[in-house]
Amino acid sequence: MKRTSRRHKLLLIPGIISAGAIALAGCSSASSGASGSSSPSAKSSAKTTLVIYSAQGYDHAAAAAFQKATGIPVKLDDNSTGPLLTQIEASRNNPSWGLLWVDGATAFAGLDQQGLLLKGFEPKASWNSLGTQSLPSDKSYTPTGVTLMAALVYNKSKVKNPPASWQDLLQSQWKGAVGMNDPSQSGPTYPFIAGMMNYLGGVSAGESYYSKLKANGLIIHPTNGPTLQALTSGQIKLALVQSSAGIGAVLGDKSLTVKYLDPVTLLPSAIGIDAKAPPAEQAEAKKFIEWVLSPAGQHVMQTGDPTGDSLYYPVLQGTSPLPALPSLASVKTQTINPYTWGPREATINTWFDSNIVR
Amino acid sequence: MTRPPVGGGPGRAAAGRATPRWRRLAYPRGLTALFGRLGMPLFWAALIFFILVPCVSSLALALSPRLFDQGSQWFTLTYLRQAFTGATAVAIGNSLWVSSAAAVLGLAIGFPIAWLAGRTTLPGRRFVPGAMWLVLLLPSWLPALGWERLVQPDGVMYRAGLDWPWVTHAIMGPFGVVFLLGLRSVPFTYLAITAALAGLGQEFEDAARVHGASRSATLRLIWPMLAPAIWSALAIGFAESISDFGVAATLAYNSNFTLATYQLFAAIGNFPPSFPLASAMGILLVAAVAIPLALQARALRGRSYQFLSGRNRQVIRRQLSRGAAITAAAGVSLFYVIALGVPGFGAVSASLLGDYGGSFTLTLVNYRALLHQAGQIGPLERSLIYATIVSFVTVIGGFVAAWLLSQRRARTRSTRALDFLLLAAIALPSVVFAAGYIFAYNLPFWSRIGVNLYQTTLLLLIAYAAASLPTNARVLVGAVSQLQSSLKDAARTHGASALTAWARAVLPVVSRPIVMAWLLTFCAVFLELPISQLLYAPGSPPASIAIEDNLSNYHFGVGMAQAVLAVGIALAAVLLVLGAYRLLAPAGWRRIGGATRG
């Protein structure tokens, strides 16, 4: 009797599992329809939903303006760069994103080398020199603006004679006074580390530099925000952060100022299109890129996050940077080859984590 | 006394013979029977689908990265070997000893507080439960940031003229990490012990004292009766500490003291992320949970802890002497000052400074920004709804799981598997658990059959519930294991259906632990971060994502204001639920486990 009863219960399990799967299918179809997601049924309708993964501060404004201008429905996943890349890598055998919009060409180069980006698309645009420097040869992503890594931020009333070169940071005068971000938590920080290695002549020269910096009391905080907070609270005197973050802090606290040390590395904001997205969604992603590079799109980018990501240097002729941005006329900039430095990111970050952060 | 078979007794069987089939189906007792038959398979199916499958998916990656397109090997031990070397091995070693110490510290602080509040005339005891909930609902990163803000070089302590570098060294190091994780474990101990004390009637102490036992001898009598709760508290404390990310990513990270969860996060946060390495570390963390599980099983093997019955008497509070009352009140207050005062000061002061904390000028600019900027309040409302829904689902599942776990006489392979699964799920870091959801529920197979769960609110809620259920079950198992089956049997003998018997005989006895378990889930889900980060539906960020977004960007003050508001909302919800229970629950429900002044 017990055996029969138990067997009946066991037999019920597959049935319930099947029923559960069907119920889930019903739920997901219903929720897809309601939220306009990119389910297969939605994609067969007249306009496919464009799924945007973005870490830009102005992305909400941009997505809304684009949808209003074109009528293309947009679903925005606004998150930090790290979680977005984690989502893309975790879901690579069944991707659900249409385009990715984050800072840092090395991440795009890494995705490109894994075959995850659509190659060969170049929108019609009049690039300026920053734009031309940031374009990849296989056209697998498109730059939309440039910030610099790293900007030196300090309190001008407390620091009268700021360092004039990267080597100056190693002087005993700045012992325990310099702070920067952790590359395993801050997306823009790896390009800075790679940029220094590129400038100093290679990985080992760069490792030697950061080891000396650590010996001089370098303090690591996770991201731009906490590093700047350490500066304003007095824990450090010099903060090495992304230029848009530094200038944004200056706008809120007039005692702070930003200085660029030569050379400073260009950090392009870029958009890449999912190679596995349906053709209709890829076509909409291309339209989105063209719209972003239009005067209307640039206006939204420059007004959508006025104390944050809007503080970028444009990559198009005829678009001027916001007045708060220091001129780049006297600053030496450098571009690192993302296809050389991108594949080294995991190794160098692990080294940095083990030897500099610890 | 023999227990009637589940889903039907002699009375029901007779009714079944006399009633036509259509009437039996329509009759409530028929529904109860149907639920009885389907309930357990449904429960096991949910466990398999939503806990086992994601756990196995994320852990299998370490051995077979190719399975989920995360590498070229179908089988490899490379990542497991890697987890045993270098910085990863150090981090795992750190996590093991720190979590053990934190669980013991949590018990050492939590047990006396639970006893003082539940069994004595401690002054201000009325405020102890509410304040304990506040400790519980604070995300662990908040106290860590508060302490850092206080003791870091050029922090508040130094600005106030207290030049105490030894305090900085003590807090910004292993001691501080154990200290904070220990404080974090206190509410779990408190809840488990309070629930058990509530069911421990006065008659046991009276019997001991009547037979001439001294106070210490009485304590020796009662102590073993609380063993399930004590072991539960230690197991939860260990598992919660070893899977904690908030302290690991803030105080421990800034103290150059690496814990396994941070190392695991770094493996996933790197680019490209190494899911197989993270998975290998996940396997080791899950294996570590075998330690408290084995100890718990060994301690409780072959014994019965069912002493909660319909005959339990109300407890008489022990009258503390004036000196003892002052000492006890001072000790409990000190705990709350350390656990709540410091992080509260850190968060509130940061939210009231408009310029990244450069000066001490107070302003409400961050709160004004919070109220006027678009998209700042919506995430809080969203998380409130998510936490409410998930809490109801989890409490039902948690109670069933606790009931299964407490059936020690009929302990089968399946209940032992359940026991391990639930503890393993507690130990599995949330970020790995969430990645398992992506691997399991974003397979092309699901899309082909029309199930697109990834990046839907439904999957997020399921993951929240699945992640909360193990802790929930652990909290309830202390109280449920004390239930004597005679309670329900008596109701069944008097003709009540299974559901009615449960509702009228069992529910009143366990209503208080159930309310506590509901609140525990609510607090855990309301500000949950790692699962939210990987699984939230695009366009619908929950509170933790919005706060994290503000904190890690250029809006530190706004983020702290948002965190303070979120904690305020959660506290209001806790007070509302506790108040509603006090007002609406029948007096008899509240009297069980209550105490009178002696």
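Among contacts in chain B between residues at least 6 apart in sequence, 81% join residues at least 24 apart, a contact being a pair of residues whose C-beta atoms, placed from the backbone, lie within 7 Å. The structure is a predicted model, in which local features need pLDDT of at least 70 and side-chain atom pairs count only at pLDDT 80 or more, while totals for chains, interfaces and linings use all residues. Residues are numbered from 1 along each chain as its sequence is written, and chains are lettered from A and ligands numbered from 1 in the order in which they are written.

Chain B holds 30 helices and 2 strands, where helices (H or I, at least four residues) and strands (E, at least two) are DSSP runs numbered from the N terminus. Of its 598 residues, 53% count as buried; a residue is buried if 20 or more other C-beta atoms, placed from the backbone, lie within 10 Å of its own, exposed if 12 or fewer do, and partly exposed in between. In chain A the secondary structure comes to 14 helices and 11 strands, and buried residues make up 51% of the 358 residues. Of the contacts in chain A with a separation of 6 or more, 76% are between residues 24 or more positions apart.

Chain A is divided into domain 1, residues 45-146 and 268-321, and domain 2, residues 149-265 and 342-357, with bounds that come from an automatic or database domain assignment. The C-alpha centres of the two domains of chain A lie 27 Å apart, and 15 residues of domain 1 are in contact with 14 residues of domain 2. On the domain 1 side of this boundary, the elements that give two or more residues are helix H4 (81-90), strand S3 (99-103) and helix H5 (105-113) of chain A, and the largest share, 5 residues, comes from H5(A). By class, that side has 5 nonpolar, 8 polar and 2 charged residues, with Ala, Val, Leu, Ile, Met, Phe, Trp, Tyr, Cys and Pro counted as nonpolar, Asp, Glu, Lys and Arg as charged, and the others, Gly among them, as polar. H5(A) is itself mostly covered, since 8 of its 9 residues are buried, including Phe108(A), Leu111(A) and Asp112(A). Just after H5(A), Gly115(A) takes a positive phi of about 75°.

Elsewhere in chain A, strand S1 (residues 50-54) and strand S2 (residues 74-78) run parallel and are joined by 5 bridges, and Ser54(A) stands opposite Asp78(A) in S2(A). Together with helix H3 (residues 59-70) of chain A, S1(A) and S2(A) make a right-handed β-α-β unit, a crossover being right-handed if, with the strands pointing away from the viewer, the path from the first strand over the helix to the second runs clockwise. In S2(A), 5 of the 5 residues are buried, and both faces are covered, with Val74(A), Leu76(A) and Asp78(A) on one side and Lys75(A) and Asp77(A) on the other.

Chain A also has an open sheet of 5 strands with mixed pairing, in the order S7-S6-S8-S5-S9; two strands pair if DSSP finds at least two bridges between them. Its edge strands are S7 (219-221) and S9 (256-259) of chain A, each of which pairs on one side only. The twist averages 25° from one strand to the next, with axes taken as lines fitted to C-alpha atoms, for helices over the stretch in contact, and angles running from 0 to 180 degrees between N-to-C directions. Helix H10 (residues 243-252) of chain A packs on the sheet, touching S5, S8 and S9 of chain A, and its direction makes about 150° with that of S9(A).

Within this sheet, strand S5 (residues 151-155) and strand S8 (residues 238-241) of chain A pair in the antiparallel sense over 4 bridges, and Leu152(A) has Leu240(A) as its bridge partner in S8(A). Asn155(A) also has its place in S5 of chain A, and counts as partly exposed because 17 C-beta neighbours lie inside 10 Å. Leaving aside neighbours within four places in sequence, Asn155(A) is in contact with Ser255(A) and Leu256(A). Asn155(A) and Val250(A), 95 residues apart in sequence, are 9.4 Å apart in space, C-alpha to C-alpha.

Helix H9 (residues 224-232) of chain A is mostly covered, with 9 of its 9 residues buried, among them Asn224(A), Pro226(A), Gln229(A) and Leu231(A). Just after H9(A), Gly234(A) takes a positive phi of about 95°.

Methods: Contact = placed C-beta atoms within 7 Å.
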